[in-house]
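User: I would like to learn how to read features in a model like this one. Could we go through it step by step?

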Amino acid sequence: MKGLVMSSMLMAGLLTGCAVNQKEEVAPEVQPWSVDRFADIEVLRYEVPAFEELPLAQKELIYYLTEAAQWGRDILWDQNCRFNLPIRNICEAIYMNYQGDKTDAQWKAFEQYMKQIWFANGIHHHYSSAKFNPEFTQEWFEAQINQLPETVKNEELQQNLALPDLMRAIFDPAFMAIKTNQADGVDLIATSANNYYEGVTQKEVENYYARLKNPKDLTPVMYGLNSKMVKEKGKLVEKTYKVGGLYSPAIEKIVFWLEKASAVAENAKQKASIDALIQYYRSGDLKDFDNYSILWVEDLQSRVDFINGFIESYGDPLGLRGAWESIVNFKDSANTARTEIISSNAQWFEDRSPVDARFRKPVVKGVTAKVITAAILAGDSYPSTPIGINLPNSNWIRAQHGSKSVSIDNITAAYDAAAQGNGFGEEFMWSEAEIEQAKQYAHYVDNVHTDLHECLGHASGQLLPGVDPDALKAYGSTLEEARADIFALYYMADPKLVELGVMLNADAYKAGYYQQMMNGLMTQLVRIKPGDNLEEAHMRNRALIAYWTLALAKEDADKDGSEPALCFAKRDGKTYVKINDYDKLRTYFAKILGELQRIKSEGDFEAGRMLVETYGVKVDPELHKEVLERYQSLHIAPYKGFVNPRYELVKDADGKVTDVKIIYGSETYPEQMLRYSKDYSVL
Ligand code: ZN
């Protein structure tokens with residue numbers, strides 16, 4: 001499972017339900033985090049803090065794992081659609097050999113198409129799964145192919161060009177229109193352009209696996225995860241991805257580098273897990289994959305960690321076959337230490353929580369969240385990447401052996417840094433003070449908020465005896481997220497956090513308070529379409545807290561005629577969120593926490609329903625319209641992804657590895673893509 005839940009700061013910039021006008025000319029954003037901008041995409045770079053300080057052995061291990069990661073790229077391209085690799089080869093040949101006018105509209109359109117297919121690992125949009133529509137003509141494209149120097153028109157390219165349907169795959173919008181079709185009532189396999197199946201119907205596949213699955217098997221393998229399904233002599237056959245099987249040339253390279261990694265593993269447990277992965281790549285046996293997954297999930301001591309394989313099955317409409325991906329990472333010690341401090345003080349927070357004493361846990365155990373630093377993103381995690389990972393996906397392994405849940409801090413840091421230059425804060429924040437405070441603290445404070453939410457919030461409180469844990473029914477998840485969030489908000493401002501060294505100073509929390517209120521009251525609306533209500537649990541919970549707080553502030557102010565602690569304010573016809581009294585705000589949070597905990601502890605469905613329906617669902621259409629218009633004027637790319645840093649082995653005269661260098665900013669987005677195609681292609 002992938003963590004796509006965005007921190008509040010990111011959210012607004014990352015996901016949009018509203019259509020940003022793609023056709024409009026967008027000025028390239030010039031800021032250090034942004035390396036490219038085209039169509040609906042912005043490409044960023046990320047840093048790998050503390051890589052230089054790692055011991056040589058760990059750097060070397062990371063180097064080998066990053067090589068193993070990069071060799072899988074073409075597997076994913078081919079999984080996504082069988083025309084992807086031939087189309088990429090032809091387009092790259094044109095891209096590199098074009099001698100014409102680079103201000104020409106046809107070239108511009110082609111350049112955008114090239115960048116889009118690089119980003120999507122194929123001819124379909126990475127998120128919507130719809131095929132790209134080239135804005136250059138087939139005549140222009142064919143003329144470019146004819147102009148290619150003879151030396152470039154090698155055998156492979158000639159073969160590709162001879163492929164029937166290749167031009168249709170690029171130019172006919174109705175052909176291979178969608179990568180993964182999820183629409184009801186049609187054959188999902190026949191109508192999906194991905195390459196997981198060939199010549200088989202949905203019904204046949206479903207019957208095939210229904211026969212294989214034994215309901216009495218308590219430890220079932222993940223059927224279909226590592227193969228393509230085809231029909232041979234009238235029979236369904238799984239073409240397994242393995243050494244000697246489908247994608248063998250790429251998998252052999254992956255295994256080669258995994259063997260090098262195994263030789264420098266940090267400890268026996270990690271070595272065993274790497275060796276088990278190699279064994280699985282050799283056998284293609286899904287029992288071997290389970291064996292590897294168990295060893296992997298139980299390896300908790302190693303600093304360096306990675307995923308490498310056929311993991312997530314979102315790309316298969318039947319949810320069976322895994323897209324190849326890899327992320328290499330190492331533990332972010334400083335941030336993980338923070339979650340350990342918070343977690344080990346869980347009882348202190350529980351004992352002082354502003355809720356009825358009967359609802360507090362006499363003994364509470366905090367949860368420690370692991371924070372990691374990504375060293376490379378590859379396959380299905382590149383260039384678009386998750387900010388959190390929770391694996392393995394096998395249900396029985398999760399139940400019996402646990403799972404690893406991590407958040408990737410250097411990726412969220414890059415998103416946040418990029419978001420600061422995009423004009424969002426300047427557009428929506430009330431004054432210079434809030435903008436400045438966000439610049440200084442927002443990323444850090446947002447992390448602390450997440451830690452408090454995950455490590456303490458969900459773990460706190462108890463049900464009264466006899467209360468049904470599912471009493472809040474459909475409102476349960478919104479109310480639970482709200483309870484964890486408000487617990488985090490309440491304690492974020494507590495001097496105890498400064499004392500523990502978790503919070504930077506006594507004022508830093510204000511950045512978090514402002515962010516949460518602005519987001520809940522208005523800016524999260526950029527993610528939904530005009531006329532829609534709030535549906536998603538996290539969005540509902542943020543609105544619930546913010547609008548409830550707003551109501552409490554108004555009630556108080558109406559009583560004595562004072563300025564409300566929180567309000568909407570207008571300036572130049574624009575709406576802003578204004579916080580006049582942060583201390584008072586915290587007293588409202590205490591009140592809300594007390595009531596949300598009561599609702600949960602007593603299972604008070606009616607009160608919970610009322611709160612969600614009153615504060616968490618409805619959208620003010622006027623405000624929504626205004627927010628969407630202001631957001632669209634910023635031209636923020638709805639989707640973002642990353643270029644990787646480069647790694648280089650440093651060797652002495654005897655060929656002994658003496659260091660691993662990390663290099664940033666040495667190549668543009670197209671240069672990186674072209675290098676990967678040149679250095680890591682065997683399929
Ligand atoms: Zn939560």
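User: Where does Asn97 lie?

Analyst: Some ground rules come before that. This is a predicted model, in which local features need pLDDT of at least 70, side-chain atom pairs count only at pLDDT 80 or more, and totals for chains, interfaces and linings use all residues. Residues are numbered from 1 along each chain as its sequence is written, and side-chain values use heavy atoms, with hydrogens and water left out. Helices (H or I, at least four residues) and strands (E, at least two) are DSSP runs, numbered from the N terminus. Asn97 lies in helix α4, residues 84–97.

User: Is Asn97 buried, exposed or partly exposed?

Analyst: Buried means under 20% relative accessible area, exposed means over 50%, and partly exposed is in between (1.4 Å probe, protein chains only). Asn97 has 23%, so it is partly exposed.

User: Which residues does Asn97 touch?

Analyst: Contact means heavy atoms within 4.5 Å. Not counting residues up to four places away in sequence, Asn97 touches Leu148, Pro149 and Val152. For scale, Asn97 and Asn393 are 44 Å apart, C-alpha to C-alpha, and 296 residues apart in sequence.

User: What about Gln116: buried or exposed?

Analyst: Gln116 counts as buried, at 11% relative accessibility. Gln116 belongs to helix α5, residues 105–120. The contacts of Gln116 are Phe38, Ala39, Gly122 and Phe132, again not counting residues up to four places away in sequence.

User: Now sheets. In what order do β2, β3 and β14 come?

Analyst: Strands of a sheet pair through backbone hydrogen bonds, either parallel or antiparallel. Two strands count as paired if DSSP finds at least two bridges between them. Here three strands form an open sheet, ordered β2-β3-β14, with mixed pairing. The edges are β2 (34–38) and β14; each has a single partner strand, so one side of each is left without a neighbour in the sheet. From one strand to the next, the twist averages 25°. Axes are lines fitted to C-alpha atoms, for helices over the stretch in contact, and angles run from 0 to 180 degrees between N-to-C directions.

User: How many bridges join β2 to β3?

Analyst: Four bridges join them, and the two strands run antiparallel. Asp36 has Val43 in β3 as its bridge partner. Helix α5 packs on this sheet, touching β2, β3 and β14, and its direction makes about 115° with that of β2. Helix α26 (residues 669–679) also lies across β2, β3 and β14, running at about 90° to β2.

User: Which residue in the turn between β12 and β13 has a positive phi?

Analyst: Asp572 does, with a phi of about 50°. β12 and β13 form a hairpin with two residues between them. Strands β12 (residues 566–571) and β13 (residues 574–579) pair in the antiparallel sense over six bridges. Leu566 stands opposite Ile579 in β13.

User: How many aromatic pairs does the structure hold?

Analyst: Rings of Phe, Tyr and Trp (its six-membered ring) pair if their centres lie within 6.5 Å; planes under 30 degrees apart count as stacked, over 60 as edge-to-face and the rest as tilted. The structure holds 48 aromatic pairs. Phe289 and Tyr292 make a tilted one, 5.9 Å centre to centre with 40° between the planes. Both lie in helix α12 (residues 286–298), three residues apart, about one turn of the helix. Phe289 and Tyr292 are both buried.

User: Why is the pair of Tyr415 and Phe642 edge-to-face?

Analyst: Their planes stand at 65°, with ring centres 5.2 Å apart, so the pair is edge-to-face. This pair links distant parts of the chain, 227 residues apart: Tyr415 is in helix α16 (residues 409–420) and Phe642 in strand β14 (residues 639–643). Tyr415 is buried at 5% relative accessible area. Phe642 is buried at 0%.

User: Last, the metal. Which residues are the protein donors of the zinc ion?

Analyst: Donors are N, O and S atoms within 2.8 Å of the metal (3.2 Å for Na, K and Ca); water is not among the atoms, so sites may look incomplete. The zinc ion has His453 (NE2), His458 (NE2) and Glu481 (OE), lying 2.1 to 2.2 Å from it. Their spacing in sequence is H-x4-H-x22-E. His453 is in helix α18 (residues 432–457) and Glu481 in helix α19 (residues 476–492), so the pair ties together parts that are 28 residues apart in sequence. His453 and Glu481 are both buried.
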